[in-house]
Amino acid sequence: MRMIELTALALLGCLGLAYLVVTERDLLKAVLYTGIFGGLVIIATYTLMAPDIILAYVAVSVALSTGLMVFLVSKTTREEVV
Amino acid sequence: MFENTILLLMVLYGVAGVIYFIRVLLGPTVLDSILAGDCVSLDVALIALLIAVYYENNLLAGGAFFLVLWAFVLDIFASKYLVKGEVGV
């Protein structure tokens, strides 16, 4: 069994999370959704048997990118003003 | 039998992840959302370890440890932002 269903579920969850990131007004929660997005991509990459990509992707997606975005939010306002 | 047990555990951890994600969406404050997001990341690491056991491949298990280690960085940055109002790097 190749667990292609789990890959499809994870990528479908990524699609929903991308919609949530775009429409969220609280920017700190949007950054949190970005971290969970990274987690779902990690599940999809695991089922496709690529462990060497994960070692770099975890550090960049879950930690460095979200930390940098929190730093960016701290320099601006937290609520998105339209 | 062994593979069916691992698949059942993956389904159970997936249901737990969905419940955590509902808490992320409905959290009254952003602190509840951050805590639930941390739980989601640990849940993802457990599912990754179960995938490694299912495929009987020890190379797959290394990424899960990195996920567990790096998931706390978001909490540290978010808590520094919520306490001080800025993230001093």
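Predicted model: local features only at pLDDT ≥ 70, side-chain atom pairs only at ≥ 80, totals over all residues.
Me: What makes the span of helix H1 of chain A agree with its number of residues?
Reply: Helix H1 of chain A covers residues 4–23, which is 20 residues, and at 1.5 Å a residue these should span 28 Å.

Me: How do you know that the buried residues of H1(A) line one face of the helix?
Reply: The buried residues in question are A:Thr7, A:Ala10, A:Cys14 and A:Leu17. When one looks down the axis of H1(A), these buried residues fall within an arc of 85 degrees, so they line one face of the helix.

Me: What covers the buried residues of H1(A), and which exposed residues does the face turned away from them carry?
Reply: The cover includes helix H2 (27–47) of chain A together with helix H1 (2–26) of chain B. The face turned away from the buried side carries the exposed residues A:Leu9, A:Leu12, A:Leu15 and A:Tyr19.

Me: Why is the pattern of chain A written α-α-α?
Reply: The secondary structure of chain A comes to three helices and zero strands, and reading along the sequence gives the pattern α-α-α. The C-alpha atoms of this chain fill a box of roughly 50 × 25 × 10 Å along the principal axes, and of its 82 residues 45% count as buried. Among contacts in chain A between residues at least 6 apart in sequence, 61% join residues at least 24 apart.

Me: Why is B:Ser41 called buried?
Reply: A residue is called buried when its relative accessible area is under 20%, and B:Ser41, at 14% relative accessibility, therefore counts as buried. B:Ser41 has its place in helix H2 (residues 30–55) of chain B, and, leaving aside its neighbours within four places in sequence, B:Ser41 is in contact with B:Leu67 and B:Ala71.

Me: Why does B:Ser33 count as buried?
Reply: B:Ser33, found in helix H2 of chain B, has a relative accessibility of 0%, and because buried means under 20%, B:Ser33 counts as buried. If neighbours within four places in sequence are left aside, the residues in contact with B:Ser33 are A:Lys29, A:Leu32, B:Arg23, B:Val24 and B:Gly27.

Me: What makes B:Ala64 a buried residue?
Reply: The relative accessible area of B:Ala64 is 1%, and since the cut-off for buried is under 20%, the residue is buried. B:Ala64 has its place in helix H3 (residues 61–70) of chain B, and, apart from neighbours within four places in sequence, B:Ala64 is in contact with A:Tyr46, B:Ala45, B:Ala48 and B:Leu49.

Me: How do you know that the buried residues of H3(B) are on the same side of the helix?
Reply: In H3(B), the residues B:Ala61, B:Gly63, B:Ala64 and B:Leu67 are buried. They cover an arc of only 155 degrees around the axis, which means that they are on the same side of H3(B). The face turned away from this buried side carries the exposed residues B:Phe65 and B:Leu69, while the cover over the buried residues includes H2 and helix H3 (51–75) of chain A together with H2 of chain B.

Me: Why is B:Val87 called buried?
Reply: B:Val87, found in the segment after helix H4 (72–84) of chain B, has a relative accessible area of 3%, and because buried means under 20%, B:Val87 is buried. Not counting residues up to four places away in sequence, B:Val87 touches A:Val70, A:Phe71, A:Ser74, B:Phe77 and B:Tyr81.

Me: Why is A:Met49 called partly exposed, and why is B:Glu56 called exposed?
Reply: Exposed means over 50% and buried under 20%, with partly exposed in between, so A:Met49, at 38%, counts as partly exposed. B:Glu56 has a relative accessible area of 70%, which is over 50%, and therefore B:Glu56 is exposed. A:Met49 lies in the loop between H2 and H3 of chain A, and its phi is near 60 degrees, a positive value in a residue other than glycine. B:Glu56 lies in the loop between H2 and H3 of chain B, and has a positive phi of about 55 degrees although it is not a glycine.

Key: Residues numbered from 1 in each chain as written. Chains lettered and ligands numbered in written order. Heavy atoms only, no water. Helix = DSSP H or I, 4+ residues; strand = E, 2+ residues; numbered from the N terminus. Expected span 1.5 Å × (residues − 1). Buried < 20%, exposed > 50% of the residue type's maximum accessible area, 1.4 Å probe, protein only. Arc of directions from axis to C-beta. Contact = heavy atoms within 4.5 Å.
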